[in-house]
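Me: I've got a two-part structure open and I'd like to go through it by asking questions. Can you take them one at a time?

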Amino acid sequence: MAEASKTKPTQRRRSPRRTSTAKPAARGPSGVSQDRARPVYLVDGARTPFLRARGKPGPFTPVDLAVQCGRPLLARQPFAAEDFDFVILGCVNVIADEMNPARVAALRLGMGDAMRAFSVQINCGSGMLSIDNGFRMIEAGKADLVLAGGAEALSYAPLVLSSNAAAWFGRFAMAKTAWERVAAIGAFRPDMAKPVIGLERGLTDPVTDLGMGQTAEVIGHIFGIAREAADAYALESHQRLARAQAEGHLKGEVIVSVARDGTLYDHDDGVRPDTSMEKLAKLKPAFEKPYGEVTPGNSSQITDGASWVVLASEEAVKKHKLEPLARVVDSEWAALDPSIMGLGPTLCCTALAERRGLAREDIDLWELNEAFAAQVLACLAAWEDEEYCRKVLGLEAPYGAIPRDRLNVDGGAISLGHPVGTSGNRIVLHLVNAMRRLGLKRGMASECIGGGQGGAMLLEVV
Amino acid sequence: MTVSKSVWKVLEPRNMELGPREGNKPHTHWRYAKDEEGIVWLVLDRSGESTNTLSEAVMSELNTVLAEVQGLGAKGLVIRAAKEGGFVAGADIRDFRGVTDAGEVEARMRRAHEIVDRLADLPMPTVAVIHGHCLGGGLELALACKHRIAVAGASFGFPEILLGLHPGLGGTFRLPALIDPIEAMTMMLTGRTVHTKKAKALGLVDAVVEERHVKNAVRAAVAGQTKPSRPGLKGTVLGLGAARRMAARRMRAEAEKKAPKKHYPAPHRLVDLWEEHGGDTRAMKKAEIRSFSELLVGETAQNLMRVFFLREGLKRLGKGESGVRRVHVIGAGTMGGDIAAWCAARGMTVSLTDLDPKAIAGAVGRAAAFYDKRLHSSLDRRDALDRLMPDFEGDGIARADLVIEAVAEKAEVKRKVFEAITPRMKKDAILATNTSSIPLETLREGLPFPDRFLGLHFFNPVTRMELVEVVAHDQASEKALARAHAFCGDISRLPAPVKSAPGFLVNRALTPYLVEAFTMFDEGVPKETIDEAAKDFGMPMGPIELADRVGLDICLEVARMLKERLDDPMSEVPDWLVKKVEAGDTGRKAGRGLYAYDEKGKLKSDEVKVAKGEEAPRADAEMADRLVLPMLNTLVRCLREGVVADEETVDGAMIFATGFAPFRGGPLHYARKRGVEEVVVTLRQLEEKHGARFAPDAGWDMLKG
């Protein structure tokens, strides 16, 4: 990377880092010669309904969710579960009972003791990173069939002891004599009893100590996104999802889940088709009171869900007579200042399109994960912003407007919810399904990533 | 990269700790060697058998090796089993079958006691290392050791009571001396098996270890470093006669509910024994031997042993390779859902489908509740549920080795299902129907592969009724039938081969029994009285309650079908039954049939009490004959018509599908004991009094002589 040497290593980097936008060269980003790189196909995929967290652990753990949608997905393949080469699963909040959830899921899915499996974590991009990992392995000839997914149960986010409480407990547990124990008890301070909500910490950038919602406030302000615009965007997200549900566009993609008490979960239950601008306008700011503009209504929802896609090489497609849905063409990751993480997609999408020699009009359909309405709208605004496009994206002219009827056509994380490790997987899967339904050819899925990154994946229907 | 999927299989034999590998002194069943610490490892590996049981030969050889071991100057003695399945499954029941001389049994038991006493009296520390099953005589052997170390997964129990016996090799006094006497009596009275964790809590074992720590645990025990459990305060209190008498009264009442004294003497004898002699080892020993010997030659024990061998016989039919790993069940009603849940619990990968998603979800909920009750660890429960896939799209069909259809009892519906699924089935997959009333010849019409089509008829409740009728027809292939039998074995069910004939065996024989009960009810006999007559005979529940349990709709359907398709003389199906079914009062599943039930399916108590007045006719033996003999008559007819191959299958099927009074050894065994001639005469009398439906079948002649 040529840019890297320009910056002093001792200084914290302020300019965004991304892969060179040079046209496809002899060697691609994965180090595989482009002309030797094998095509990689997405042949199927399925997810659970996304279930809103309701203040207590939901009916499924992350791996439970992965099993719920994984079983029927595997059952409908013409090859055996053991035929996969790798299982890769993105998961951010891994629970203590499910370390390396990819392997736990593989075993619980009956994929055999010999199934290799690893978990990946890049916050909100984890479910896409798993696809990217599988994509690159197949491309490089190291695998033929990969099951790549994302799983997250935010309702299971633990209560965490504050660090001084944890230190106190350690001292108490180590105390051997009664006297030591009494002394340890005496050192307890009431505020230690207050647990920290793990989720709250998880959604706060550890470097800047800004909540994710605050980063949306920042870029919303920078790009002049009005509260009404954000609310209108949120309203449409709900309406689009409700329509997709009603018209059966999610059939085959969303698989009914059954809890052990026999309860049936058959749809994304965060959808509020009856919401309105008036109702949304009444909501108070969630992150920056009293003047903030990011509300629970125009933010993504805290949700549980899992999603898988099946990736296959040309050989696997032939061998098992598979019918690919799409080809994974390329992927890109970018990083920038964590306080404006929401702009991540503008960096990686632009770089990826450039590398592939694609103009904005060449992309038929977009999935841009709806972390916050203000954040999505800020990305759109940034692409139309002359200075941003020139100075940050290195473009000679603004990238231009992305038509709204080509973006998140069936709703997004605002109406569906955002199980962080899963969303990246879902948007890729849904992009493919939506393109096929609408008769479109080429699509881009992208998400902003807490911590200041972005991920993008380019797919073509075959 | 391909890794052998059976890495552990290669290494597993190294896991078991059996003491020194070299320098063992071999006998026929036992071998022993002294290790570097001076501890002798005595290993039981009964020759010619896959399971360790205590035969006379095994016991007398034990006597010989114990004598030899005494001369070795051993620091300690370990007893354990080399068989994979477990320690010792109990006495070899084959030794007990057909014995009639109580005196001879007493002499045999006294000799066996001497051998066990010899083990108990050894001067050095003795340690039983127990893995897997440790039952009956095996547990008595372990109790004679000073220490017991359980390998995780071990289970302990005295199942003698289920054979009409009680422990006879010292169990009745060694167990109450070791653990809480009430718990000890409960174990012996119920025959229930306790698993490792409970065994440790009871103090039945000193320690629970993993196989890899057996050697260290044995050393610690021999060195006296393990704390044996102490008998608690309760043991001391129950040393007092008055306290024991109070406890005994409660036990008798409990036993009477499950096993009435007139049919099952053993539990009551056991309580007597303990009440009279509790705490006095010598007196207990003498009394145990006498009581055991008397019970053993008694009719109940001999009949229950017959039941044991009937089960073994049916189990043998379930041996072999089924090639079934994946099962697809269509229809998530009570039967389909329960079949799916059971198969998943027994290790099958199951997909369950239904047109109604709610039915599938409900079945999963029922399965989870059943697993909570019956599976021992949360991991087993999770894995069973993971194996049970709610299949909303029916995708499981494509990879299933066996498809079980359990949809509505309508030939049209079933055929439509077959039409949809047969093109998607694997080339060698078996298609089974759970129909109870539609001829397989009708259902196979239009099937592309009638050779792989057959009946697997389960009984309700699937989780409790062990029998499955494997229904053949003249186009079913031998291979498919053999695989279906083996599948029953795979899921721990007992296959009974039957030919495709109306009602097969069990329902055809059960129907006259139920319809006769309806007729009696029409004649004004209170339903409670009818049920009592059957229960007096020894049935686990009366015919009216059974009809409610089976479902009045199903009873009606089967009765109509039988009437239509057979020329067996039968009573008319009463009008009120049709009306009840039409009104939706279909029995327990609907909360109301002939009795009323609460949400949990329990009988509402006020319902049971009505009409138990003085006026009502008393349940008597003639009433029982009216109910039971038509059933026997039909079974004989089935035998004559070749619906079923032999008397053993008939008896086994009726016991394991309907719970037919087990202590009677099976319906045909009962007829033989009562006297075939006598049964025929009684049938003739009933014929004169009540009609042609009692006319004795020609098949009775085959049973004579």
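Me: Is B:Phe504 buried or exposed?
Reply: This is a predicted model, so keep in mind that local features need pLDDT of at least 70, side-chain atom pairs count only at pLDDT 80 or more, and totals for chains, interfaces and linings use all residues. A residue is called buried if 20 or more other C-beta atoms lie within 10 Å of its own, exposed if 12 or fewer, and partly exposed in between, with C-beta atoms placed from the backbone. B:Phe504 has 25 C-beta neighbours inside 10 Å, so B:Phe504 counts as buried.

Me: And where is B:Phe504 found in chain B?
Reply: Residues are numbered from 1 along each chain as its sequence is written, while chains are lettered from A and ligands numbered from 1 in the order in which they are written. Helices (H or I, at least four residues) and strands (E, at least two) are DSSP runs, numbered from the N terminus. B:Phe504 has a positive phi of about 50 degrees, though it isn't a glycine. Its place is the loop between β19 (494-499) and α20 (506-522).

Me: What is the phi of A:Asn408, roughly?
Reply: A:Asn408 sits in the loop between α13 (386-392) and α14 (413-416) of chain A. With 27 other C-beta atoms within 10 Å, A:Asn408 is buried. A:Asn408 is not a glycine, yet its phi is positive, at about 45 degrees.

Me: Which residue is joined to A:Pro290 by a cis peptide bond?
Reply: Look in the loop between α9 (277-282) and β11 (303-313) of chain A, where A:Pro290 lies. The cis bond has an omega of about 0 degrees, and the partner of A:Pro290 is A:Lys289.

Me: What is omega for the peptide bond from B:Asn460 to B:Pro461?
Reply: B:Pro461 belongs to the loop between β17 (453-458) and β18 (467-472) of chain B. The bond from B:Asn460 to B:Pro461 is cis, and its omega is near -5 degrees.

Me: Which helix gives the most to the side of chain A that touches chain B?
Reply: Two residues are in contact if their C-beta atoms, placed from the backbone, lie within 7 Å. The contact takes 18 residues from chain A and 21 residues from chain B. On the chain A side, four residues come from the top contributor, helix α1 (residues 62-75).
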